[in-house]
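User: Could you take a close look at one part of this model for me? I would like the cut-offs spelled out as you go.

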Amino acid sequence: MLVPHRAIYEVELDGAKSSSGVTNLTGRLVFEFTGSACDGFTQKMRFVMTITNREGSQTTSDFRSSTWENPEGGRFKFSINNFENDRQSEATAGDAVREKDEDGQTVRVDLSSPSSDELTFAGNVLFPVQHTIALLGAARRGEHLLVADLYDGSEQGGKVFMTSTAIGNARAIASDAAAGKAANAERLAGLTAWPVSIAYFDPSSPMKEGIPVHEMSFRFYENGVIDHLAIDYGSLSVKGVLSSLEFFDRGNCQIQ
């Protein structure tokens, strides 16, 4: 069962190729999940990074996203904004609806930003919370691979990612190993968790031949919380340590 919560991760550089020009990176990622199977699910994320290049110059990247999905996975609203040194470099917003027609299902996306546009994707694509729920279901069934197409509104709302998720063996997390010293980490003790790695592929390149656009790995708890976060962007990689965890009231409607 996914629980409403806010998690804060302290981020630092884990590795960088010389071609990236990056010598240091620090930042913070704040992730918030709220909602219910009655009202729909809201996810908010803010990811601020200060990046230092080999000349010593610093750039601050500030990524902000807010999304909402209805419980049945039939609608997905998203707003994504990116700032670089306090100047907006990206603004994407849209509304995706899963529709039925004579050929089956399709996903229609009405983009309002960066420009008005209408896009159509295959009806089998998953929205982000749908994907999380599918991942949890696969993990609980003891499956070790989940392959799915994912639409999350990124890339200016114009791309579906092919994803391949590797799921490790389940284990119960002991109290002294639960999310380190993060506040409220003791509430994760005894929960089942799985090591997970997700590779995101560009749909224009066949998965068997393509190189992932990026990869993300983490420990995934049965309540939806993650820790031991690592993100590989290809030219550089970062790791995030869970520093704070806050749980919210579930309300009267339980999240499935």
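Analyst: Happy to! The second largest pocket has a volume of about 160 Å³. A pocket here is an open set of points on a 1 Å grid over the protein atoms alone, where a 1.4 Å probe fits, with protein on both sides within 12 Å along at least five of seven lines; lining residues have an atom within 4 Å of a point. The volume is the space filled by probe spheres set on the points, which are joined across faces, edges and corners.

This is a predicted model, so local features need pLDDT of at least 70 and side-chain atom pairs pLDDT 80 or more, while totals for chains, interfaces and linings use all residues. Residues are numbered from 1 along each chain as its sequence is written, and side-chain values use heavy atoms, without hydrogens or water.

Among the lining residues are Met1, Val3, Pro4, Arg140, Phe247 and Phe248. The lining divides into six nonpolar, one polar and four charged residues, where Ala, Val, Leu, Ile, Met, Phe, Trp, Tyr, Cys and Pro count as nonpolar, Asp, Glu, Lys and Arg as charged, and the others, Gly among them, as polar.

Now to histidine 5. Its side chain has a polar atom 2.8 Å from the backbone oxygen of valine 3, one of the lining residues. Histidine 5 is also in contact (heavy atoms within 4.5 Å) with residues including Gly224, Phe247 and Phe248. Histidine 5 and glycine 224 are 219 residues apart in sequence, yet 8.9 Å apart in space, C-alpha to C-alpha.

Terms used
Polar contact = N/O pair within 3.5 Å; in protein donor to acceptor, adjacent residues only side chain to side chain. Lists of a residue's contacts leave out its neighbours within four places in sequence.
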